[in-house]
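Me: Could you walk me through this structure, one step at a time? I am new to it.

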Amino acid sequence: MSDTPFGFGLPPEEPDDGDEGKKKDNQGGGAGQGANPLGFGMPGMPGIGPGGGDNPFAAMFGSLNPADLGAAFQQLGQMLSYEGGPVNWDMAKQIARQTVAQGTADGTKDASVGAAERHAVDEAVRLADHWLDGVTALPSGASTSVAWSRAEWVEATLPVWQELVDPVAERVGAAMGDVLPEEMKSMAGPLLGMMRSMGGAMFGTQMGQAVGTLAGEVVGSTDVGLPLGPAGKAALLPLNIEALGKDLGVPLEEVRLYLALREAAHQRLFAHVPWLRSHLFGAVEGYARGIDVDTAKLEDAVSQLDPSNPEQLQEALQQGMFQPEDTPQQKAALARLETALALVEGWVDAVVHEAAKPRLASADALRETLRRRRASGGPAEQTFATLIGLELRPRRLRDASRLWASLADARGADGRDALWEHPDMLPTAHDLDDPDGFVHREHADFSELDKLLGEAAGGPSLSKDRPEDAEEPGKKDKGSDDDGDGQEGGEGSR
């Protein structure tokens, strides 16, 4: 690093030959310092092009045309005056909307959803819910259905992205602050505040670009396995559905209906498994609590950054400069999240296939397409993984789908779906290795547990139709079980 703290250079000393010396500097350009000590580039200034190295703000402000200069400085002022959380979500929303407006790589531009498309989505969701009634014990979870444009998807899902990303960004920001010695923190208070504001803006820019790009890829509100939209609202994006089905050789109506089945199945699961949402987001928060940044590595990276060069900082963020170490706490939290996502996606895959197979000729082809699409992820999901270290992809989707199908064969839809009553009843990552073993082992365990509880209650077995005048020890064993059912309480406590 330079001898000047934080890389800020001092203005050049007054030349000995006064104004003549200044003219020579301006004419010859020198190092560019005499004419432009702060590095601001202006069109028409010799040696200082709009995208040149002497213009550190080119990455943010583009060519800095005179007409745009006022807006550029206004944006810089907003960036430095930000005093919110670890991510500037106002900027993220603005960038996401701009990204959507630019269109996707294939040239498709966003457009408002017409009445005919809204009607088609309503009918698809209604029919999908009817089909699902016959393959799952969980009732409908969608009180309404909506057809969104890409911009509407951004508006509706940003609050959930904030809930998901803020804990991780906050922990990373705190770890960054720990790099400086205490005496330097007290001396550089205002500057640290400015750096936090710029850090929030940089994260906001990257999140906005990722969300905006993802808006061009998703087909509903649950594509990433999390409930991103409002509760009880099944949402589909007609423009993206059309783009997805364009090269599949499948009628658009079948593509729309299959995707409506997936959206409606997700809605049922999140509506009627009340602990599931907090379980998934709790795994993300657990990941954040386990973050431990390698301060030596971070110090080395920060020492090589030029605070006056936002483009360099942006590149460092994209390359995962602040990516935390893999601690045991993080690995455990990520394993919980990965398993939970796999179980969610596997259940949806299984019930949708059961509902669609007898009715849609393209069910197998659409299933495989969606499986591959979900497993590989797109560029936007890769951006999230780089920024916050999280990959929202169910790596074991096929294993989980086989397990749920085996459970349905062995216990029926009611027995399969009863496992969602409590997180302790769900299969583990080890169970995904041997789905059939889990099914038979669980059945044997239930029988043994029933026998033991029945003996404790003074009868041959414990069941829901047990007489109310059963012996008191059985009642005491139930404790404060909210379900009022000793058998279910026993299962949930395994």
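Me: Which residue lies over the face of F281?
Reply: A charge counts as sitting over a ring if NZ of Lys or CZ of Arg is within 6 Å of the ring centre and within 35 degrees of the ring normal. Here the distance from the ring centre of F281 is 4.5 Å. The residue over that face is R277.

Me: What should I know about the model and its numbering?
Reply: This is a predicted model, where local features need pLDDT of at least 70, side-chain atom pairs count only at pLDDT 80 or more, and totals for chains, interfaces and linings use all residues. Residues are numbered from 1 along each chain as its sequence is written, and side-chain values use heavy atoms, leaving out hydrogens and water.

Me: How many aromatic pairs does a search of the whole structure find?
Reply: Rings of Phe, Tyr and Trp (its six-membered ring) pair if their centres lie within 6.5 Å; planes under 30 degrees apart are stacked, over 60 edge-to-face, and the rest tilted. Ring pairs join W275, W404 and W420 in a cluster. The search finds 2 aromatic pairs.

Me: What is the angle between the planes of W404 and W420?
Reply: These two form a stacked pair, 5.2 Å centre to centre. The angle between their planes is 15°.

Me: Are W404 and W420 buried or exposed?
Reply: Buried means under 20% relative accessible area, exposed over 50%, and partly exposed in between (1.4 Å probe, protein chains only). Across the protein chain, 45% of the 494 residues are buried. Both W404 and W420 are buried.
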